[in-house]
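Hi there,

Here is the structure I promised to pass on to you. Have a look at it first, and then read my notes below.

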Amino acid sequence: MADGEDRYRRGERRTTAEPLTASWRLDPEQLAQRPDLPRNRHRRRRPGWRAYVLPALIIVTFLVVLNTAQPTGDGTRATTPPGVTTSTTPVVTEGSAAPVVPTTGTAVLPPGPAVPQVGAGTWHIVPGNGPVVGKGKRVYRYQVAVEDGIDPAVYGGDDAFAAAVQATLSDPRSWIAAGTIRLQRVAADYPHPDFVISLTTPGTDHRPDLCGHLIGFEASCWQPHAHRVIINLARWVRGALAFDGDLGLYRQYAINHEVGHVFGNEHVGCVTNGGLAPVMMQQTFGVSDDYVHDLNRVDPTNAARVPRDGKVCRPNAWPYPQA
């Protein structure tokens, strides 16, 4: 047999040049000799389109079901209604809840001149004394002091501060109007005054052993263990928004309010809607019961004293305003 001539004829003996091949098609003579073989085994079947499409459809269906059954943030199951498309980026989003505690409003320090934040942390007594005022049996003697290290130009000087304190407490509308106490300003050489009214920088005022800074707004206070009334320098210079710019009225209020604590008076709320605020209301923060109550939520004792009743008063500096 010549090279290339019928070299690969089926049924013939393979020559050395024949490649290794597998015969999947039987000749009719061979097929007749093997009646046990199915007549369609002689054809090699190729997988049809269903073999590729059906598994893909099964996988896609599984992923869709899994995606629509994922838990939402509240632990429930979310399903997508027919005809509604979903997206990883929402069209609109839920807003955050606004905080309830007021951070703005009448408690904010009004704008005004710059105030030094820290002094020396010690005080000096302003020289001077005054007569006994009032008609009561008990005499309370007080001194006036200013923190060391403050530029006098910021607050008008020691004498001006002391004069304002003495004039306020000697006024017939002040605490002496009760007819049960008398007051007297005394000098530095008086050994044991009942209290000292002290002009103090905010940084010293915020000390935990003095006023602290629990509510977060500038305020004055009475510190009984030190027998010291703390008048906040920032408030003395810039006042309070509830007083609508009347700095003189605010200063009289601040003195009367803090000295009222010396006599055992606690904070109260507005009594008559639209009327004058009690001097023991925290008017430095505002004259609205709701607002003052909300500020005092950090101090349950004060919050209980001021009901959230919707009443709003007018600013007032005097414990006996009609006297």
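Let me start with the aromatic rings. Tyr-140, Trp-175 and Phe-263 are joined into a cluster by ring pairs. Please keep in mind that this is a predicted model.

In total, the count of aromatic pairs comes to 8. One of them is Trp-175 with Phe-263, an edge-to-face pair with 6.0 Å from centre to centre and 75 degrees between the planes. Trp-175 belongs to the loop between H4 and E4, while Phe-263 belongs to the loop between helix H7 (247-262) and helix H8 (289-295), so this pair ties together parts that are 88 residues apart in sequence. With a relative accessible area of 10%, Trp-175 is buried, because the cut-off for that is under 20%.

Tyr-250 and Tyr-253 also form an aromatic pair, this one tilted, at 5.8 Å centre to centre and 45 degrees between the planes. Both residues are in helix H7, 3 residues apart, so about one helical turn separates them. Tyr-250 counts as buried at 1% relative accessibility, and Tyr-253 is buried too, with a relative accessible area of 2%.

Two arginines are worth a look with the rings. Arg-138 lies over the face of Tyr-140, a member of the cluster above, at 4.0 Å from the ring centre. Arg-228 has its charged end over the ring of Trp-123, 4.0 Å from the centre of that ring.

Now for Ser-174. Where does Ser-174 sit? Its place is in the loop between helix H4 (158-170) and strand E4 (181-185). Is Ser-174 buried or exposed? Ser-174 is buried, and its relative accessible area is 0%. Setting aside neighbours within four places in sequence, Ser-174 is in contact with Thr-168, Leu-169, Asn-256, Trp-318, Pro-319 and Tyr-320.

Finally, a word on confidence. The protein chain has a mean pLDDT of 79, with 67% of its residues at 70 or more. Over residues 4-8 the pLDDT stays under 50, and the model has 8 contacts beyond four places in sequence for them. Where pLDDT is low, the predicted coordinates should not be read in detail.

Happy to talk any of this through with you.

Best wishes

Key
Residues numbered from 1 in each chain as written. Predicted model: local features only at pLDDT ≥ 70, side-chain atom pairs only at ≥ 80, totals over all residues. Heavy atoms only, no water. Helix = DSSP H or I, 4+ residues; strand = E, 2+ residues; numbered from the N terminus. Buried < 20%, exposed > 50% of the residue type's maximum accessible area, 1.4 Å probe, protein only. Contact = heavy atoms within 4.5 Å. pLDDT = per-residue confidence, 0-100. Phe/Tyr/Trp six-rings, centres within 6.5 Å; stacked < 30°, edge-to-face > 60°. Lys NZ or Arg CZ within 6 Å of the ring centre and 35° of its normal.
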